Amino acid sequence: MVAKKDTSPGTGKPGGNAVSEVIRLRVNHAWHEFVTGRDIQPSETLAYVLRERLGLTGLKVSCDEGACGACTVIMDGKAVLSCMTLAVEADGHEILTIEGLAQDDPVIAAFAEQSEPGYGTAMQCGYCTPGFVMTAKALLDANPHPTLDDIKEALSGNICRCGCYTAIAQAVLHASQKISTRGGAHE
Amino acid sequence: MSNSFKPRVPRKYVGGYRPRIDGLDKASGKVKFADDLTTKLSFPDMLYARVLKSPYPHARIKHMDTEAVEKLEGVRAILTYQDPEVKKLKVTNAGWTDGVDILSYERMMWYPMRDRRVIGDCARWVGDEVGLVVAADTEAIAEEALRLVKIEWEVLPFVLDPIEAMKEGAPSVHPELRETNVLPEDPVGGPDVFLQKGEVDKAFSEADVVVESKSVHHNPNQGSLDNWCCVIEWKEDMLTVWSNSYEAHQTRMHMSQMLDLPLSKVRVVCSYVGGQFGRNDTGEQPFFLYTALLAKKTGRPVKFRHNNRESFLNSRQPAIYTARAGAKKDGTITAMTFKSIGDAGAYADQTMFALKFGPAEIAEVTLAHIPNLKMEAYGVYTNKLPACMMRGVANSQFNLSFGQIVDILAEKLGMDPIDLAIKNFGHEEESLPNKSLVEVLHEGARRIGWENRHKPGAGPVYEHVRKRGMGFSFHPGWHAEWQEVRRGRIQVSFMLNPDGTVMLEAPTVETGSGSNTCNFLGCLEALSFLAVRPEDVHYSPVVDTERSLRDCVQTDSSVSYLQSEAMMVAAADLKKKICELAGPKMGVKPEELDIEEGNIFIKASPDKRMEVKTWLMEETDLAPIVATVNRVPLDLNTGIPFIATFAEVEVDTDTGEVEVLKLVVLHDCGTVMHASGAEAQQLGGQVMGLGEALYEEIIYDEKRGVPMNFNWIDYKIATMADFPPVDPVLMEIWRGGGEYGACGIGESTLTCTPRAVLNAIYNAINVRVDELPVKPEKILKALGKI
């Protein structure tokens with residue numbers, strides 16, 4: 001367990017025992033404090049805390065064991081599986097969930113609009129979609145002009161049972177174009 | 001992509017390429033699924049239920065000691081198989097309905113096979129819910145509680161293989177019901193030999209060519225990401241259920257009947273569903289019942305949610321098919337037989353429906369011109385995961401056999417299988433060739449490059465070991481309107497507000513199939529006489545039995561048009577009502593009025609027009625105008641169109657790996673309701689189609705009867721990296737009845753894929769693999785390399 005007690009910028013109480021340790025999570029640009037043992041349990045995953053304690057239900061818990069990607073959020077700029085991350089591990093870290101993206105975020109817009117002939121729509125049931133959007137967002141932040149192979153590589157940890165892979169890849173390419181047109185990604 | 005679909009009848013809204021209506025809400029994570037609506041924040045005093053799952057494939061509880069469970073802090077209620085409220089529950093089964101119609105306990109489809117107790121004392125597969133449920137403050141405590149229960153099991157003999165299970169002396173899966181594991185003849189599907197036409201034996205003896213085949217379809221899982229769940233609150237005499245069931249009214253009926261409550265005292269609220277795919281389309285589920293009983297016992301809302309591993313609740317109905325076909329030298333097929341053995345798993349579900357109803361329907365709409373025909377089917381209990389429906393009831397299994405025997409026969413006759421198909425197959429009320437089949441197969445051939453297909457095993461070899469081949473399979477589509485009559489009344493309603501905005505009521509739980517988008521487009525199309533714009537329509541996706549009309553269940557892939565057809569009737573009624581209101585005020589009879597493009601006018605003087613919404617606001621009592629329609633689907637036998645998949649594969653003869661290079665997926669839809677959504681289905685279905693063909697499989701430890709891979713690390717679902725180029729082809733050749741004359745396609749997008757891929761593999765390597773999924777070791781075995 002790697003709660004960074006003394007060095008993390010946002011950590012509340014230095015040292016301290018496990019029962020009363022304060023965990024601070026910066027979620028969508030706002031700090032949230034939790035006292036372990038009282039507000040959260042050390043065994044709780046980041047996914048659980050985000051959904052059940054903060055009500056951020058955009059991310060989904062489906063497999064709960066790192067196989068499907070539906071719970072993907074961005075932590076310190078990287079796509080992570082929030083079901084495989086303990087909340088205490090995220091202490092002091094910057095977390096972005098889909099609720100933290102702007103309504104006109106180019107990735108969201110590209111997924112929503114995807115409909116041109118030959119590709120289908122970028123989602124059907126939509127349960128996996130927030131996970132794909134966040135994975136795609138992290139990819140585009142790091143690589144604003146990915147090739148189709150780059151996209152396949154980055155998004156192959158996410159499962160879409162409805163099978164909208166062709167359209168999702170296309171939506172990521174469109175998002176890349178939108179970012180270029182707008183002159184940079186923004187949250 | 002080139003060759004995009006062009007509608008036969010151009011319409012303003014229906015049929016085009018456009019985003020989904022819920023695209024933005026889904027892309028931004030705003031859509032609330034049942035699990036999102038039922039967090040601890042929304043239900044602070046909520047408890048969590050867990051159920052005991054059997055570790056044995058067949059065992060009976062001799063004794064259960066729950067003392068430690070009761071003492072565990074945080075456990076709020078337990079229910080065991082010995083409690084009176086559990087014992088009181090009627091013996092049920094997993095075959096109430098196929099999702100099409102709402103059915104009661106007495107009228108459930110498979111009433112002769114009531115084979116399941118809710119939380120009984122006997123387990124019949126590893127994972128069977130048995131013995132005990134608990135409600136606790138957290139899921140973790142509830143799980144801990146299950147670990148503390150002490151059980152003395154009587155471990156019973158079990159059987160996994162359906163052929164072994166049929167043999168005399170095999171361990172009986174339901175000894176208290178039947179000695180044999182072979183399911184009885186059923187009242188709906190008919191006797192074991194359920195179809196017999198002409199003189200089959202004579203026809204075979206007179207045929208110039210006779211061929212035989214065997215195919216084994218297996219047990220893929222639906223794999224919905226949205227694990228099935230419910231939260232139930234039972235306050236005073238009112239029971240409220242929030243769930244991701246896609247059958248709101250059937251769920252209400254099930255709970256009312258099993259818990260002996262008036263329908264008016266059961267409220268079921270269903271929001272979006274994260275993928276259905278046939279997952280327990282059977283109109284019942286024990287978890288609703290025991291969660292309700294725990295809610296009653298505790299007086300608190302109780303949540304039950306399967307985890308991902310428990311979501312392996314059922315699979316496609318595995319089936320072993322043997323087929324035989326006889327033909328004249330000129331390719332006229334004179335006789336066909338199909339025999340199937342279906343592996344029901346531990347509970348019968350809709351096994352016999354899958355084995356009999358589906359093929360019987362295909363006989364009617366595809367094999368009608370084969371003069372001598374025989375079909376027989378047997379369902380068998382085994383101690384495995386119950387098998388049921390998955391994106392279709394029986395079509396994939398039948399197609400695996402049908403597409404194979406056509407391919408084998410064509411080769412033996414020295415014919416192109418496309419020509420053989422066109423020469424022989426079509427609907428009973430039409431002459432051959434079937435126009436839809438001709439166009440679908442010829443378009444598929446053109447797009448895959450069929451003229452380059454070589455003889456089996458005779459194609460070029462790449463990198464010394466990689467061999468290419470092409471294959472196809474075809475099938476009748478299904479779920480035209482006349483096939484949906486059993487659904488009963490489709491209910492929709494328009495409420496026109498005086499400012500011209502519209503409240504659309506067309507209840508259907510959105511599972512991803514996009515019927516909500518189709519309904520929205522259908523509404524705009526139907527109300528085009530009022531010039532209603534997309535921003536004028538309010539349409540709630542949540543079905544709530546307390547206020548909703550009957551939900552049109554998104555099974556049979558047909559909600560895309562069923563409610564839109566009803567809306568055309570509702571629109572005519574709405575127009576009539578507006579004219580009836582306006583007539584007296586305008587000093588004319590209502591029938592002398594008409595409405596176009598949002599303006600009302602006297603037909604005799606069409607130049608003088610008044611905007612409807614202006615008139616409503618200025619001249620009326622401002623009450624909304626409501627048009628509600630109950631419409632039974634049109635019972636007009638229009639036949640059915642055809643569908644096909646063409647595949648090109650490359651087989652590595654050193655490793656046995658199969659790479660699918662390209663798929664062409666063709667659907668004659670009658671009318672395309674939403675082109676982007678339909679293509680999404682055609683493309684997306686290939687994740688399952690290819691999964692069934694090549695990757696997905698539930699594997700058992702044969703010695704212990706334990707399923708080994710109820711998780712998505714070991715159960716392989718294709719990702720983006722595995723997905724090949726797919727050419728989706730929408731066509732409008734056939735036409736059904738009604739305004740649109742459409743049919744469903746969602747289920748059928750994957751029906752032909754496994755067989756197309758397997759025929760292509762044969763074409764590549766000149767050896768057939770009969771059994772799904774075609775994993776590398778099966779190829780190597782077929783090639784004699786291992």
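In chain A, 61% of the contacts between residues at least 6 apart in sequence join residues at least 24 apart, a contact being counted when the C-beta atoms of two residues, placed from the backbone, lie within 7 Å. The structure is a predicted model, in which local features need pLDDT of at least 70 and side-chain atom pairs count only at pLDDT 80 or more, while totals for chains, interfaces and linings use all residues. Residues are numbered from 1 along each chain as its sequence is written, and chains are lettered from A and ligands numbered from 1 in the order in which they are written.

Chain A contains five helices and five strands, arranged along the sequence as β-β-α-β-β-β-α-α-α-α. Here helices (H or I, at least four residues) and strands (E, at least two) are DSSP runs, numbered from the N terminus. Of the 187 residues in chain A, 58% are buried, that is, 20 or more other C-beta atoms lie within 10 Å of their own, with C-beta atoms placed from the backbone.

The contact between the chains takes 49 residues from chain A and 55 residues from chain B. On the side of chain A that touches chain B, α5(A) provides the largest share, five residues.

In chain B, helix α9 spans residues 286-298 and has 13 residues. From first to last C-alpha, α9(B) reaches 19 Å, close to the 18 Å expected at 1.5 Å a residue, where the expected span is 1.5 Å times one less than the number of residues. Buried residues of α9(B) include Phe287(B), Tyr290(B) and Leu294(B). Just after α9(B), Gly299(B) adopts a positive phi of about 70°.

Technical notes. Buried ≥ 20, exposed ≤ 12 C-beta atoms within 10 Å, placed from the backbone.
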